[in-house]
Structures are given as C-alpha cells and as structure tokens.
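Trainee: I have a new model open and want to work through it with you. Where do we begin?

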Amino acid sequence: MTDEFFMREALSLARAAECLGEVPVGAVVVLDGKIVGRGFNAPIGESDPTAHAEIAALRDAARTLENYRLPGCELFVTLEPCAMCAGAILHSRISRVVYGARDPKTGVHGSVVDLFAVERLNHHTEVVGGVLADECGQLLSGFFAARRAKKAGQG
C-alpha cells in the first residue's frame with residue numbers, strides 16, 4: 001500500500017464530512033498496512049470543537065488497538081494538522097503523519113509554526129506533507145466557494 005492509497009481513503013472520509021455540511025477533512029490511522037482508525041470532521045454535528053478528523057481517527061484507533069498509545073502507527077490526513085491535533089498526535093506516539101494540503105491559517109507543520117520540530121518535546125513524529133495536495137486542496141476550496149456563494153445568495 002502506498003501513501004496515495006491511504007490518502008485516498010482519507011479523502012473518501014473528507015467527502016463524507018462534506019455531505020454532512022462539515023469542513024471536508026478526513027483521516028485514517030494505519031498499522032502494518034491496515035487501517036485501524038477512521039475519522040472525519042464533525043465539530044458542527046457533534047457540537048464539539050475537538051471533533052476534528054485526526055482526533056476522531058486517533059480515538060477510533062485507540063479503541064481498536066485497546067491502547068491510548070499508538071506506536072508504529074501512521075496518520076494520513078487531508079489537511080495539515082492544527083495545534084490541537086498535533087498535540088494529540090504527539091501524545092499518542094504516532095510515528096509518522098502524512099498530510100495532503102497545507103493550511104496557511106492554522107497549520108503547524110510550518111505554515112504558521114512547526115510544532116513537530118520542537119526538540120524539547122519528548123516525542124518526535126516524522127511528517128510528510130503534500131501527498132495528493134491538489135486534490136485535497138480542491139475539495140476544501142470547492143467547499144468554501146460553495147459556502148460563500150450560498151451566503152452571497154442569501155444576502
């Protein structure tokens with residue numbers, strides 16, 4: 001299995017979020033080539049500001065593996081993680097993060113800051129960005145363009 005394969009799985013989950021009116025971000029956690037956790041954005045539907053795709057996928061993987069630590073696992077997410085999600089990724093001991101589109105407003109793998117590069121932290125995660133970036137970015141751009149158009153039509 002390739003990074004692109006798992007990113008396409010995350011994109012599928014992002015589309016599910018979009019169908020529910022959520023910002024289309026999806027994530028999967030993989031261990032030994034098998035998906036052990038899935039999640040997509042649901043803060044609106046869940047009335048929960050922490051209901052990001054990464055958090056949902058980490059929780060699902062932790063339940064599946066019956067362990068709050070996820071050593072050896074990889075996280076694939078369609079958007080560069082925010083600070084909250086990066087903290088959860090580091091605490092769960094994810095070994096590798098692969099993301100699609102950069103997030104110039106809240107991304108913490110260099111777009112705003114680089115939390116993953118802070119040497120003083122007790123865990124370090126390998127991070128790879130830009131996998132299927134155009135496809136991931138277009139999904140988000142289309143979602144927000146449609147939202148703006150709808151809002152303009154109401155105004």
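Mentor: Start with terms: helices here are DSSP runs of at least four residues, and strands are runs of at least two. Keep in mind that the model is predicted.

Trainee: How many helices and strands does the protein have?

Mentor: Read the order from the N terminus: α-β-β-α-α-β-α-β-β-α. The totals are 5 helices and 5 strands.

Trainee: What is the radius of gyration of the protein?

Mentor: The C-alpha atoms fill a box of roughly 50 × 30 × 30 Å along the principal axes. The globule rule gives 15 Å for 155 residues, and the protein comes close to that, so it is as compact as a globular protein of that length. Its radius of gyration is 15 Å.

Trainee: What percentage of the residues count as buried?

Mentor: Buried means under 20% relative accessible area. Apply that cut-off to the 155 residues, and the buried share is 42%.

Trainee: Which element gives the largest share of the largest nonpolar core?

Mentor: That core has 39 residues, and M7, V28, V29, L75, I89, I94 and F116 have the most contacts inside it. Several elements give two or more residues, including β1 (26-31), β2 (34-40), β3 (74-79) and α4 (83-92). The largest share is 6 residues, and it comes from α1.

Trainee: Which residues is M7 in contact with, leaving aside its neighbours within four places in sequence?

Mentor: M7 is one of the residues with the most contacts inside the core. With those neighbours left aside, its contacts are F76, V77, T78, V98, Y99, G100, V131, L132 and C136.

Trainee: Now the charges. How many salt bridges are there?

Mentor: Side chains of opposite charge can pair when their charged atoms come close. The cut-off is a Lys or Arg side-chain nitrogen within 4 Å of an Asp or Glu carboxyl oxygen. By this rule the count is 5.

Trainee: How many residues apart are D3 and R96?

Mentor: Their side chains meet in a salt bridge, 2.6 Å from N to O. D3 sits in helix α1 (residues 3-19) and R96 in strand β4 (residues 96-101), so the pair links distant parts of the chain. The separation is 93 residues.

Trainee: Which residue forms a salt bridge with E135?

Mentor: E135 is in helix α5 (residues 133-154), and its partner is in helix α1, so the pair ties together parts 127 residues apart in sequence. The closest N and O atoms are 2.8 Å apart. E135 is partly exposed at 29% relative accessibility. The partner is R8.

Trainee: Last one. Which residue's backbone oxygen lies 3.0 Å from a polar atom of the T64 side chain?

Mentor: T64 is found in helix α3 (residues 53-65). At 47% relative accessible area, T64 is partly exposed. The backbone oxygen belongs to V36.

Terms used:
Residues numbered from 1 in each chain as written. Predicted model: local features only at pLDDT ≥ 70, side-chain atom pairs only at ≥ 80, totals over all residues. Heavy atoms only, no water. Buried < 20%, exposed > 50% of the residue type's maximum accessible area, 1.4 Å probe, protein only. Polar contact = N/O pair within 3.5 Å; in protein donor to acceptor, adjacent residues only side chain to side chain. Core = buried A, V, L, I, M, F, W, Y, C linked by side-chain atoms within 4.5 Å. Contact = heavy atoms within 4.5 Å. Rg over C-alpha atoms; globule rule 2.2 N^0.38 Å.
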